Amino acid sequence: MTPPTRRPRDPFANTLLWLVMLLAAGLRFFRIGTQSLWADEGNSAAMAGRSLAEISARAAADIHPPGYYWLLNLWSRIFGDSEAALRSLSALWGILLVWLVYQIVSRLFDRRTALIAATFAAINPFLIYYSQEARMYSQLAALAALLFYGLTRYILHESIVLRADGSSKTVSFSGLATGVILFAAVAGLYTHYTFPLLVGAASLLYGLWVWNSRRRGFVQARLLHWAMLLIVMAFFYLPWFGTAWNQLMNWP
């Protein structure tokens, strides 16, 4: 991976990005409260009306972890429990997803490609649909994108501090990227039981990057640092791990 160079500000690209974000917001909030809540959304509304402890107890008997319901509980205390209010949380996650798509692609390719990708994400009917549903799927998608955004920054930082000829004397790790990865991973693990697969995919991609860049050196230190990240993720998920394992193994 070629280290990125600092790019000058591009007011035109920034304006286009704002337009794409406004398009994404308009499509996600358009008639968001028109239809009544359907069965699973009704369950979300019922969970949001309980205390955080009650949500945990109910989620322990469900096939979804409590993270989304905890957040929806706090959200509904501020904005109410109407159809539009409950679904607006998912809409905001959907808008964040579009922004993250732009951020990831602009770092891997260029602004033009990122704008195209963000536009497709903004108008994608599948993403719009789940951004207007009071369920955890929009949150899941946004946290997945946040995880890979953190991974992108993490790897690009390494590509800068480690010279391609292996002559670097020290290695450092991006504190911001590390924090983003940890937050996205822990929040994602408490959002949906498929998130461990995404953490595994991110770990595989990082392992491939380390193997491909092994001539830059510090292979053991880099792998150890990533292993420590996984241990921290597991530590924060440990209180719910037994419940998750039991539900995944015994759900009818």
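**Questions on loops, salt bridges and aromatic pairs**

Me: Where is Thr-194 found?

Reply: Helices (H or I, at least four residues) and strands (E, at least two) are DSSP runs, numbered from the N terminus. On that basis, Thr-194 is found in the loop between helix H9 (175-189) and helix H10 (195-212).

Me: The model is predicted; local features need pLDDT of at least 70, side-chain atom pairs count only at pLDDT 80 or more, and totals for chains, interfaces and linings use all residues. Residues are numbered from 1 along each chain as its sequence is written, and side-chain values use heavy atoms, with hydrogens and water left out. Why does Thr-194 count as partly exposed?

Reply: A residue is buried under 20% relative accessible area, exposed over 50% and partly exposed in between (1.4 Å probe, protein chains only). Thr-194 counts as partly exposed because its relative accessibility is 33%.

Me: How far apart in space are Thr-194 and Leu-140, C-alpha to C-alpha?

Reply: In sequence, Thr-194 and Leu-140 are 54 residues apart. In space, their C-alpha atoms are separated by 9.1 Å.

Me: Which residues does Gln-139 contact, leaving aside its neighbours within four places in sequence?

Reply: Gln-139 belongs to helix H8 and is buried, with a relative accessible area of 4%. Contact means heavy atoms within 4.5 Å. Outside that sequence neighbourhood, Gln-139 is in contact with Gly-67, Tyr-68, Leu-71, Trp-93 and Thr-191.

Me: How many residues separate Arg-87 and Glu-41, the pair that links distant parts of the chain?

Reply: A search of the whole structure finds two salt bridges, each a side-chain nitrogen of Lys or Arg within 4 Å of a carboxyl oxygen of Asp or Glu. Arg-87 and Glu-41, both buried, form one of them, with the closest N and O atoms 2.9 Å apart. This pair joins helix H5 (residues 83-108), which holds Arg-87, to helix H2 (residues 39-48), which holds Glu-41.

Me: Which helices are linked by Arg-222 and Glu-158?

Reply: Both Arg-222 and Glu-158 are buried. A salt bridge joins them, with 3.0 Å between the closest N and O atoms. The two residues are 64 residues apart, and the helices that they link are H11 (residues 219-250) and H8 (residues 137-161).

Me: Which residues does Tyr-206 touch, not counting residues up to four places away in sequence?

Reply: The largest nonpolar core has 63 residues, and Tyr-206 is among those with the most contacts inside it, together with Val-98, Leu-147, Phe-195 and Trp-226. Such a core is a set of buried Ala, Val, Leu, Ile, Met, Phe, Trp, Tyr and Cys residues joined through side-chain atoms within 4.5 Å. Beyond its sequence neighbours, Tyr-206 touches Leu-151, Tyr-154, Ile-155, Glu-158, Arg-222 and Trp-226.

Me: What is the angle between the planes of Tyr-130 and Tyr-137?

Reply: Rings of Phe, Tyr and Trp (its six-membered ring) pair if their centres lie within 6.5 Å; planes under 30 degrees apart count as stacked, over 60 as edge-to-face and the rest as tilted. The whole structure holds 14 aromatic pairs. Tyr-130 and Tyr-137 form an edge-to-face pair at 5.6 Å centre to centre, and the angle between their planes is 80°.

Me: Why is the pair of Tyr-154 and Trp-226 edge-to-face?

Reply: Tyr-130 is partly exposed at 25% relative accessibility, and Tyr-137 is partly exposed at 28%. In the pair of Tyr-154 and Trp-226, the ring centres are 5.5 Å apart, and the pair is edge-to-face because the planes stand at 70°.

Me: Which helix gives the most to the nonpolar patch?

Reply: Leu-23, Leu-27, Ile-116, Phe-120 and Ile-123 form a nonpolar patch on the surface, with about 430 Å² of accessible area together (Shrake-Rupley method, 1.4 Å probe, only the protein chains shown counting as cover for residues). Patch residues have over 30% relative accessible area and no salt bridge; like charges are joined within 9 Å, and nonpolar side chains (Val, Leu, Ile, Met, Phe, Trp, Tyr) within 5 Å. Helix H1 (11-29) and helix H6 (111-123) each supply at least two residues. The most, three residues, comes from H6.

Me: What is the phi of Phe-218?

Reply: Phe-218 lies in the loop between H10 and H11 and is partly exposed at 29% relative accessibility. Although Phe-218 is not a glycine, its phi is positive, at about 60°.
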